[in-house]
Amino acid sequence: MSKRIDVNNLNIFYGDFHAVKDVSMVIEPKSVTAFIGPSGCGKSTFIRTLNRMHEVIPGARVEGEVSIDGQNLYGRGVDPVDVRRQVGMVFQRPNPFPTMSIRDNVLAGVRLNSKRMSRKAADELCEQSLRGANLWNEVKDRLDKPGSGLSGGQQQRLCIARAIAVQPEVLLMDEPCSALDPISTLAIEDLINELKSDYTVVIVTHNMQQAARVSDRTGFFNLEATGQPGQLVEFDDTQKIFNNPTKKATEDYISGRFG
Amino acid sequence: MSTPTRSPESDIHHSRMDDLSGIVPSPVRPTSDRPLLLIGLGAVAVWLVLWQVVGLHMVVGLVVGYLAFLLVSYLYYRAAGGQRVGLDIVVRWLVYAAFVCAVVPLISMLWTVIGQGLPLAFEWFFISTDMKGITGTHDQAYAAGEGPLVGGAGHAIIGTLIVTGLATVISVPIGMFTAIYLVEYGGKNALARGIRFLVDVMTGIPSIVAGLFAFALFTQIFGIRDAKMGLAGAVALSVLMIPTVVRNSEEMLRIVPNELREASLALGVPKWRTIAKVVLPTAASGLASGITLAIARVIGETAPLLVAIGFAREFNWNFLEGPMNTLAVYTYWMFTKPLSPAVIEPSQERAWAAALLLVILVVALNLLARFIAKIFAPKSGR
């Protein structure tokens, strides 16, 4: 249930604005890949192109190639809806559906795609996904309560449960902990470590310690100057990036000498 | 000049600092409410004297008394508590006065309508019968005490419900789908901007023009003799209703957080399903109350219905043929064209009763809107 992602010379534009330039990388299956870099350097924009969520923004377009196990996401006749079923996403701010209970939130991906499932299968899927997101023990007695009544950290884990309930190949996380306190962050980081055994996980973070803690490989994005497109400066094993980076800019950023 | 020489830069800097340090909140001393009460009593006394003794008009006296109250309490509290306390009192009482000015006409209207319409509006014969065969002689007999009051507004109640219901059935889908297009698909493109502009223009259409439009339209289709029908009235009302529905729904859809749409799309849900299953349910309470208020807005329309439907004396359940009646038109007709020009009281009684029924309908719709909003509101219980 996890696949390899190849990115080839990807350029991303918002209208006339060149947002991200010439990104190429390989993301290995069953690994955690983290992207770090200053604000506005295109990390979030880039991660959204991995499941075509950038298309929600008017004027956004892409040149280049992103393949999942050899299939180009931007090929002709590829339906973005199919892409998003394979590549799930968790957002910066927890966003459970306010009209739905905890249970319905978990099952939302299945229900909204109008797949019929028996009560028993739904219960199983719900429990399995919530266990997968380390949330089951906290909410098992109140599955019918609204999801918006949970704490921020619990809501974020609910969103992760919702994302893995549709059994994607890849899980993208766009700063999943930036709205959370340290305890909830720790819970999510533990969860990411567990998810690694089943999914290919890609995470954007502003927290370099977090990248160092959870990821196997790290990519550093940067801008040459304001108004210039963001670029992938360096992409390597996390150990290497944090201990012995090749590029000066990476070293400066990691050691806090610029920002 | 003995000022020490300074560079202009530091001069500017210093003068700015002086300005800042000069901003000190004016001091406030504690005051009690008792003087305010005394000043208020004094103002009431001034009003009574001006009204009863001097012989000024009651309202003029009231205004003079109120202004005197404002002035005296300001002066007193400024002296006792400081500038801010004085201003606080004045502004607070200005706000109270504005509130009273806004509410008085409403209460007065309700009071009059209830007082004038109450006995008749709930009589069973008034709700259940129409005006078929009722003439001025019946009214004269009633006025002379020789017979009962006959004739009711049953046909007008039915007509109101049918015509407004039809208008809702026409307007809600059109308005909602327009709003969905504007928010979810159109964004800021030329078509969406054009639609928004036209909707704004439509909001300002005088209602009589809507009526003329519907009448002209149905005259083209059915000929001038048969053009007056319930459906024509419903079309006229929907011309007035659609812009309201579009605007309300657009606002409601717009406040649905984008994150929810993204969450749904990221689960691999197609866009139309995201709109149907996530956006609309999230906005449901606002949509429902907006629609109910749009209905309440057109249910009391008279002019377009006079033109497009005409005036019926008897029950007409068929909205595709012949004139109908509605409560607003019934009220208007009874008031301006009493059955017996010599004895107008019975007709006026009917007009008041119909007006009361209309007010009750509108209030009921507003309460319904609140109720619906509560039912659909996203729950956040723990």
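Which residues does Leu166(B) touch, not counting residues up to four places away in sequence? They are Gly230(B), Leu231(B), Ala234(B) and Phe319(B). Keep in mind that this is a predicted model.

**Chain A as a whole**
- Chain A contains 10 helices and 10 strands.
- Its radius of gyration is 18 Å, close to the 18 Å that the globule rule gives for 259 residues, so chain A is as compact as a globular protein of that length.
- Taken along the principal axes, the C-alpha atoms of chain A fill a box of roughly 55 × 45 × 30 Å.
- Of the 259 residues in chain A, 47% count as buried.
- Take the contacts in chain A between residues at least 6 apart in sequence: 69% of these join residues at least 24 apart.

**The sheet of chain A**
- Chain A has an open sheet of 10 strands with mixed pairing, and you can trace the strands in the order E5-E4-E1-E2-E10-E9-E3-E8-E7-E6.
- At the edges are strand E5 (71–72) and strand E6 (87–90) of chain A, each of which pairs on one side only.
- Strand E3 (residues 32–36) and strand E8 (residues 200–204) of chain A pair in the parallel sense, over 4 bridges.
- Within this pair, Val32(A) of the one strand stands opposite Val201(A) in E8(A).

- E6(A) pairs with E7(A) in the parallel sense over 4 bridges.
- If you look for Met89(A), you will find that its bridge partner in E7(A) is Leu172(A).
- In a regular strand the side chains alternate between the two faces of the sheet.
- Here, Val87(A) and Met89(A) point one way from E6(A), while Gly88(A) and Val90(A) point the other way.
- Are these four residues buried or exposed? All are buried.
- Helix H6 (residues 152–165) of chain A lies across E6 and strand E7 (170–174), and the helix runs at about 170° to E6(A).

**Two helices packed together**
- Two packed helices are described by the angle between their axes and the distance between the axes.
- H3(A) and helix H4 (residues 119–132) of chain A pack at an angle of about 105°, and their axes are 10 Å apart.
- That angle makes H3(A) roughly perpendicular to H4(A).
- On the H3(A) side, the contact is made by Arg103(A), Val106(A), Leu107(A) and Val110(A).
- On the H4(A) side, Ala122(A), Leu125(A), Cys126(A), Ser129(A) and Leu130(A) take part.
- By class, the residues of this contact divide into 7 nonpolar, 1 polar and 1 charged.

**Where chain A touches chain B**
- How many residues of chain A are in contact with chain B? There are 25, and they contact 22 residues of chain B.
- Helix H2 (80–86), E6 and helix H3 (102–112) of chain A are the elements that give two or more residues to this side of chain A.
- This side of chain A has 12 nonpolar, 8 polar and 5 charged residues.

**Back to Leu166(B)**
- Leu166(B) is found in helix H7 (residues 154–186) of chain B.
- With 18 other C-beta atoms within 10 Å, Leu166(B) is partly exposed.
- Leu166(B) and Ser238(B) are 72 residues apart along the chain, and their C-alpha atoms are separated by 8.6 Å.

Note on methods. Residues are numbered from 1 along each chain as its sequence is written. Chains are lettered from A and ligands numbered from 1 in the order in which they are written. This is a predicted model: local features need pLDDT of at least 70, side-chain atom pairs count only at pLDDT 80 or more; totals for chains, interfaces and linings use all residues. The radius of gyration is taken over C-alpha atoms; the globule rule is 2.2 Å times the number of residues to the power 0.38. A residue is buried if 20 or more other C-beta atoms lie within 10 Å of its own, exposed if 12 or fewer, and partly exposed in between; C-beta atoms are placed from the backbone. Two residues are in contact if their C-beta atoms, placed from the backbone, lie within 7 Å. Two strands pair if DSSP finds at least two bridges between them. Axes are lines fitted to C-alpha atoms, for helices over the stretch in contact, and angles run from 0 to 180 degrees between N-to-C directions. Ala, Val, Leu, Ile, Met, Phe, Trp, Tyr, Cys and Pro count as nonpolar, Asp, Glu, Lys and Arg as charged, and the others, Gly among them, as polar. Angles under 35 degrees count as roughly parallel, over 145 as roughly antiparallel, 65 to 115 as roughly perpendicular and the rest as oblique.
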